[in-house]
Amino acid sequence: MEHVELFFKSIFIDNMVFATFLGMCSYLAVSKKVSTAVGLGAAVIFVLAVTVPMNWLLDQYVLRPGALKWLGAEYADYDLSFLSFILFIATIATMVQLVEIVVEKFAPALYTSLGIFLPLIAVNCAILGGSLFMQSRDIQTLGLAFNYGLASGIGWFLAILAIAAIREKIRYSNVPAPLRGLGITFIITGLMAIGFMSFGGMLTGGEEKTETTDEVAKVEVQKQDTATEDESLAEVSQEINNK
């Protein structure tokens, strides 16, 4: 259940684009055509799915205070957390370079259409944000880290795919001149973000129901206690009257 909850929460509720507005540069620049958006979105899914668990391992066994105790007791007090940014970015840059080589080899047309934005995934704030969120939320296992990275990538993919499809349609619409291009794109993105806010209740309904049930139970217990006290007072009053 924990994996399912994290998966859907990362896609819909904590969406990288619509909740935290990360990766907006590539989101706006490469979303003019659906085919290009699909290629970049797939690359982002792959990079996030690989780098988040890799950076989880780095954080657990190298960076955080006491992480080096597996090397020996003399290393237990070491704290290398100040190297988080450098090592996370190095991991991301390595994986992006691998993706760039594969895309150039097997999909040269996509490589040409993506242009400079493919190598710029290395400095895409959504990619680094995935690893930093993983670290700040203290994700407990490698499986959950992979789940979070994959789901965050899928959320970013859905966002850029949706805006690319809309931009292809509104190309033939009568958009006011001052809003053409990025203007109408920003407005649509804001409306989509508001729409994604409605998913916030997906994983809270059960909790609210449980809290309501607990409150009802507390009220019932209080009523029973009050009734018991009233009965005790009535018995005491009756005894006093009899005397």
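These legends describe close-up views of a predicted model.

**View 1. The largest nonpolar core.** This core has 48 residues. Phe18, Tyr27, Leu40, Ile121 and Trp156 are the residues with the most contacts inside it. At least two core residues come from each of α2 (24–29), α3 (34–63), α4 (84–106), α6 (125–136), α7 (142–170) and α8 (182–197). The largest share, 9 residues, is supplied by α3.

**View 2. The surroundings of Tyr27.** Leaving aside residues up to four places away in sequence, Tyr27 touches Val17, Phe18, Trp156, Ala159, Ile160, Ile163 and Thr189. Two of these neighbours, Phe18 and Trp156, are also listed with Tyr27 among the residues with the most contacts inside the largest nonpolar core.

View 3. Leu57, Tyr61, Trp70, Leu71, Tyr75, Tyr78 and Leu142 make a nonpolar surface patch of about 690 Å². One of them, Leu71, lies in the loop between α3 and α4. Leu71 is partly exposed, and its relative accessible area is 43%.

View 4. A disulfide is a covalent bond between the sulfur atoms of two cysteines. The structure holds 0 disulfides. The cysteine sulfur closest to that of Cys25 belongs to Cys125, and the distance of 5.7 Å is too far for a bond, because a disulfide requires sulfur atoms within 2.5 Å. Cys125 is likewise in no disulfide, its nearest cysteine sulfur being that of Cys25. Cys25 is partly exposed at 49% relative accessibility, and Cys125 is partly exposed at 34%.

View 5. Side chains of opposite charge can pair when their charged atoms come close. The structure has 3 salt bridges. In one of them, the side chains of Asp14 and Arg137 meet with an N to O distance of 3.8 Å. Asp14 sits in the loop between α1 (2–13) and α2, and Arg137 in the loop between α6 and α7, so the pair ties together parts that are 123 residues apart in sequence. Asp14 is partly exposed at 23% relative accessibility, as is Arg137 at 40%.

View 6. Arg64 forms a salt bridge with Asp59, with the closest N and O atoms 2.8 Å apart. Asp59 is buried at 2% relative accessibility, whereas Arg64 is partly exposed at 26%. Arg64 also meets Asp138 in a salt bridge, at 3.4 Å from N to O. This second pair links the loop between α3 and α4, which holds Arg64, to the loop between α6 and α7, which holds Asp138, across 74 residues of sequence. Asp138 is partly exposed, with a relative accessible area of 36%. Through shared partners, Asp59, Arg64 and Asp138 are joined into one network.

Methods:
Residues are numbered from 1 along each chain as its sequence is written. This is a predicted model: local features need pLDDT of at least 70, side-chain atom pairs count only at pLDDT 80 or more; totals for chains, interfaces and linings use all residues. Side-chain values use heavy atoms; hydrogens and water are left out. A nonpolar core is a set of buried Ala, Val, Leu, Ile, Met, Phe, Trp, Tyr and Cys residues joined through side-chain atoms within 4.5 Å. Buried means under 20% relative accessible area, exposed over 50%, partly exposed in between (1.4 Å probe, protein chains only). Helices (H or I, at least four residues) and strands (E, at least two) are DSSP runs, numbered from the N terminus. Contact means heavy atoms within 4.5 Å. Patches are made of residues with over 30% relative accessible area and no salt bridge: like charges are joined within 9 Å, nonpolar side chains (Val, Leu, Ile, Met, Phe, Trp, Tyr) within 5 Å. Accessible areas come from the Shrake-Rupley method with a 1.4 Å probe; for residues, only the protein chains shown count as cover. A salt bridge is a side-chain nitrogen of Lys or Arg within 4 Å of a carboxyl oxygen of Asp or Glu.
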